[in-house]
Amino acid sequence: METANANGLDVFKYFELLLTFLPSMEFLTNPDIIEELLPWNEATQKICKLP
């Protein structure tokens with residue numbers, strides 16, 4: 001939560017993103033894919049950035 005705040009994200013949107021995508025991600029077999037959901041990732045920033 002603090003990292004999301006520090007990166008200027010809407011925390012609610014960020015947690016919603018995590019809870020939507022984490023269950024279907026194959027991060028156990030491909031751990032690098034988790035980087036797509038980190039708060040400083042460009043795609044995550046576009047979806048969750050505060051206005």
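Biologist: Why is the contact between the side chains of Lys46 and Glu42 called a salt bridge?

Modeller: A salt bridge is a side-chain nitrogen of Lys or Arg within 4 Å of a carboxyl oxygen of Asp or Glu. For Lys46 and Glu42 the N to O distance is 3.8 Å, so the pair meets the definition. The model is predicted, with local features needing pLDDT of at least 70 and side-chain atom pairs counting only at pLDDT 80 or more, while totals for chains, interfaces and linings use all residues. Side-chain values use heavy atoms, without hydrogens and water, and residues are numbered from 1 along each chain as its sequence is written.

Biologist: How many salt bridges does a search of the whole structure find?

Modeller: The search finds one.

Biologist: What separates Lys46 and Glu42 in helix H3?

Modeller: They are four residues apart in helix H3, which means about one helical turn. Helices here are DSSP runs of H or I with at least four residues, strands are runs of E with at least two, and both are numbered from the N terminus.

Biologist: What makes Lys46 count as exposed?

Modeller: Relative accessible area decides: buried is under 20%, exposed over 50%, and partly exposed in between, with a 1.4 Å probe and protein chains only. Lys46 has 67% relative accessibility and therefore counts as exposed. Glu42, with 58%, is exposed as well.

Biologist: Why is the aromatic pair of Tyr14 and Phe15 called tilted?

Modeller: Rings of Phe, Tyr and Trp (its six-membered ring) pair if their centres lie within 6.5 Å; planes under 30 degrees apart are stacked, over 60 edge-to-face, and the rest tilted. The count by this rule is one aromatic pair. Tyr14 and Phe15 lie 6.2 Å apart, centre to centre, with 55° between the planes, so the pair falls in the tilted class.

Biologist: Are Tyr14 and Phe15 buried or partly exposed?

Modeller: Tyr14 is at 8% relative accessibility and so counts as buried. Phe15, at 36%, is partly exposed.

Biologist: Which residues make up the largest nonpolar core?

Modeller: Such a core is a set of buried Ala, Val, Leu, Ile, Met, Phe, Trp, Tyr and Cys residues joined through side-chain atoms within 4.5 Å. The largest has nine residues, among them Ala4, Leu9, Tyr14 and Cys48. Helix H2 (residues 11-21) gives the most to this core, four residues.

Biologist: Which residues is Leu50 in contact with, leaving aside its neighbours within four places in sequence?

Modeller: Contact means heavy atoms within 4.5 Å. On that basis Leu50 is in contact with Gly8, Leu9 and Asp10. Leu50 has a relative accessible area of 45%, so it is partly exposed.
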